Amino acid sequence: MTVPHDAENHSRLMTQVESPSKPQTAAEPVVGKPIDRLDGRAKTSGQARFAAEHPYPDLAYAALVHATIARGRVTGFDVAGAAAVPGVLTVLTHENAPPMEPPPRPTLANMGMILTGAPVNYLHTDEVHWNGQPVAVVVAETLEAAREAAALVEVAYQESPATTDFAAQEEHAVLLKGNPFQPGTAKKGDAEAALKAAPVSVDLRFTTPPLNHNAIEPHATTAVWDGDRLTVHEATQGTTFLRTHLAARFSVPVESVRVIAPHVGGAFGGKGPVWAGTLLTVLAARATRRPVRMMLTREGVYRTVGGRSPSIQRIALGATADGEMTSLIHTGVTSIGRVGGLPEGVTAPSGHLYAAPNILLRHSQVELDWLPNTFMRAPGEAPGSFALEAAVDELAYELGMDPIALRMRNEPETNPIDGKAFSHRLLRETYAYGAQRFGWADRTPEPGSMRDGRWLVGMGVATAHHGTNRFTANVTVRLSADGSVLVRCALQEVGVGAATVQAQIAADALGVPLDAVRVEHGDSTLPAAPGAGASAQTVSVSASLLAACDKLKRKVRALGEGASYAEILQRAGRDHVEAAVGSETRLGALAGQAKFMARFLRDQRRWVKAASGAQFCEVRVDPDTGEIRVSRWLGVFDVGRVINAKTATSQLRGGIVMGIGMALSEETLVDPRTGRIMNPSLAEYHVPVHADIPPIDIHYLDEPDPTMPLGLLGLGEIGVTGTAAAIANAIYHATGKRVHDLPITLDKVL
Ligand code: MOS
């Protein structure tokens, strides 16, 4: 049995061990320790500059004009009022904008184009594809003038019939074929027949609303052209792909574009794709021959940056009287924009969690004239785990069984949907530790049976699950004779400590103190990297960094003897030695990608890799007002090895906070008649605030995965999964009321 790791007690730590004949590390190992973010001081003291904080002489400001119809054509503009605002430089529309190319289609050689947010060639078409699509850009000497003028642009439209009501489209949903990357539709046995035959069953319908991204830093761009050279300061999850994208859109060589983004104020998937604001700022800078800055308003984020698809889900579970699951059916309907978007794979967790002999997964999709949806922390698995894990709780009550016991009874030995081996699976251990630590045994199962004064108290659990991903990353590492180390990689720091953990890895690998390591990141001139996404950045970069460090150490050892690597350099009279992993040439990168894909696919045929965990929550519900307070939280996670106890804990905690918002308050309200988002502000779209969040106790097992570099399974997204279900289950326990439709607002529990 694994000994669970207490995040406040970080002693269990292993790093690479070298044989005694090799140069030894004088420095204390730092991998696994609760190291402060290296950029923490720069951020908290205001020294760190974000995308909209770069001063340029002659800087102009841009603001967007959004369409007010869901579908149709722009037939004309009246810009007289806007042009008359003092300080306005230009009003750009499809009638006068300089050239911009449509986005290239994604290919194996050009994978970055997957990150085209919407394949609309803004200001080069009179077509409108969603209510809120930018149709004009005002550039002015001041932000105030730009925004005032944007509000004065008059747009005339010819409307076309639009499909904007998600719920009404359910019956028109088209089934998606499963593929190895999106196995949302799959089957084993005959789940419908097994459901009918099951002595105990539940058959339930769940809905989740659309959700929007609300990073603390709204999307922002500062664009500067110097002839055909373009410099962009951007709030992005990856500078490498953005550089490639901008080069293609503005018809300049990739080498002429530089994207700089050392600090980004939250992203969650919303800053992965390339959206209108970025493109139109670059276009505005080209048109005006001025540096141009645009920071989206909060409303601008809602109208131009995709969010999470809504879903309608059915979960049907059948079991024997003693709780052996015989059937698991998970069908999901989600939406995608007519012009693009991402299939929100809600059925994903249901192929991995329960050892039912009969499983049916069906994912269907409707096309709407909405802004394309996109990645949002744990796409698919966040809303999918809500439905699945709430249904499992209902089955437990039908059976008269403890919900943890039901899960343990059906914990599979191999991946249920296809029988593949798990590379790693310690879900049982997370539950065992969590139950003991949370005091699950004190829970009386009868709904409404626990009280604290006037409050009804409920306790709920749910399983967290997130598939493991990995990409290629290029890294260079340089050791200087003074013992300093420079790691260079275009990895992206979106606020999570991504660069800090790489510094820790380099420090231990080369036997230097942490403060001797500097990591250069967030700049497209650095070695190419995948960016922050899919919970895969840290494992992708650290695999390459470790390989680069190994290469470097071999080079240094070839120079002679010494007590440390730095001493060998000194004795050999060398200033520094550098090693690189990954090719920066197009052909080299392609070859590297092909090799990586071959290995990835081979690996994927053998193993199913995922992080998992157990979410425990306690809620208090006021029986008269329906007020719901989350009063206690415990998450125990198996995320493989943990590099930094502090930043890892923070990530997991942040995911839970996001899940609490999803469970209780967040909902994008789209007018079904017009497709217009009705609550595009933090005043009306309710993210949790500090007062909504209880102490969140995080534990992890710190058990390396045997098949992943450094044993990492990824931990950026798993925290949000299972969270909403744990809350729904606790609310049932408190009140006896099952709510199947998120968010669980107080009117639904009364
Ligand atoms: Mo994340 S949703 O992969 O940025």
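**Figure 1. Salt bridges across the predicted model.** Across this structure, which is a predicted model, the count of salt bridges comes to 39.

**Figure 2. Lys 646 and Asp 36 meet in a salt bridge**. The closest N and O atoms of this pair are 2.4 Å apart. Lys 646 sits in helix H15 (residues 645–664), while Asp 36 belongs to the loop between strand S1 (5–6) and helix H1 (40–44), so the contact ties together parts that are 610 residues apart in sequence. Lys 646 is partly exposed, with a relative accessible area of 39%. Asp 36 also counts as partly exposed, at 48% relative accessibility.

**Figure 3. A salt bridge joins Arg 73 to Asp 126**. Here the closest N and O atoms are 2.6 Å apart. The pair links distant parts of the chain, with Arg 73 in strand S3 (residues 72–78) and Asp 126 in the loop between S4 and S5, 53 residues apart. Arg 73 has a relative accessible area of 37%, which makes it partly exposed; Asp 126 is partly exposed with 24%.

**Figure 4. Asp 603 pairs with Lys 609**. You will find the closest N and O atoms of this salt bridge 2.4 Å apart. Asp 603 is partly exposed, with a relative accessible area of 28%, whereas Lys 609 counts as buried at 14% relative accessibility.

**Figure 5. Four charged residues share salt-bridge partners**.

**Figure 6. Strand S16 is mostly covered**. Of the 13 residues in S16 (residues 325–337), 12 are buried. S16 pairs with strand S15 (residues 311–319) in the antiparallel sense, over nine bridges. With strand S17 (residues 358–368), the pairing of S16 is in the parallel sense and spans 11 bridges.

**Figure 7. The hairpin of S15 and S16 includes Gly 323**. Five residues lie between the two strands of this hairpin, and Gly 323 takes a positive phi near 90°.

**Figure 8. A look inside the largest cavity, with about 230 Å³ of space**. This cavity is lined by 22 residues, and the closest to its centre are Asn 212, Trp 370, Leu 371, Val 670 and Ile 677. The structure holds five cavities of 30 Å³ or more.

**Figure 9. Leu 108, Met 111 and Ile 114 form a nonpolar surface patch**. Together these three residues have about 310 Å² of accessible area. Met 111 is found in the loop between strand S4 (88–92) and strand S5 (127–128). At 37% relative accessibility, Met 111 counts as partly exposed.

**Figure 10. Gln 537 is buried in helix H12**. Helix H12 covers residues 537–557 and includes Gln 537. The relative accessible area of Gln 537 is 6%, so this residue falls in the buried class, which means under 20%. For orientation, find Ala 516 as well: 21 residues separate Gln 537 and Ala 516 along the chain, and their C-alpha atoms are separated by 23 Å.

Notes. Residues are numbered from 1 along each chain as its sequence is written. This is a predicted model: local features need pLDDT of at least 70, side-chain atom pairs count only at pLDDT 80 or more; totals for chains, interfaces and linings use all residues. Side-chain values use heavy atoms; hydrogens and water are left out. Patches are made of residues with over 30% relative accessible area and no salt bridge: like charges are joined within 9 Å, nonpolar side chains (Val, Leu, Ile, Met, Phe, Trp, Tyr) within 5 Å. Accessible areas come from the Shrake-Rupley method with a 1.4 Å probe; for residues, only the protein chains shown count as cover. A salt bridge is a side-chain nitrogen of Lys or Arg within 4 Å of a carboxyl oxygen of Asp or Glu. Helices (H or I, at least four residues) and strands (E, at least two) are DSSP runs, numbered from the N terminus. Buried means under 20% relative accessible area, exposed over 50%, partly exposed in between (1.4 Å probe, protein chains only). Two strands pair if DSSP finds at least two bridges between them. On a 1 Å grid over the protein atoms alone, a cavity is a set of points where a 1.4 Å probe fits but cannot get out, and a pocket is an open set with protein on both sides within 12 Å along at least five of seven lines; lining residues have an atom within 4 Å of a point. Grid points are joined across faces, edges and corners, and a volume is the space filled by probe spheres set on the points.
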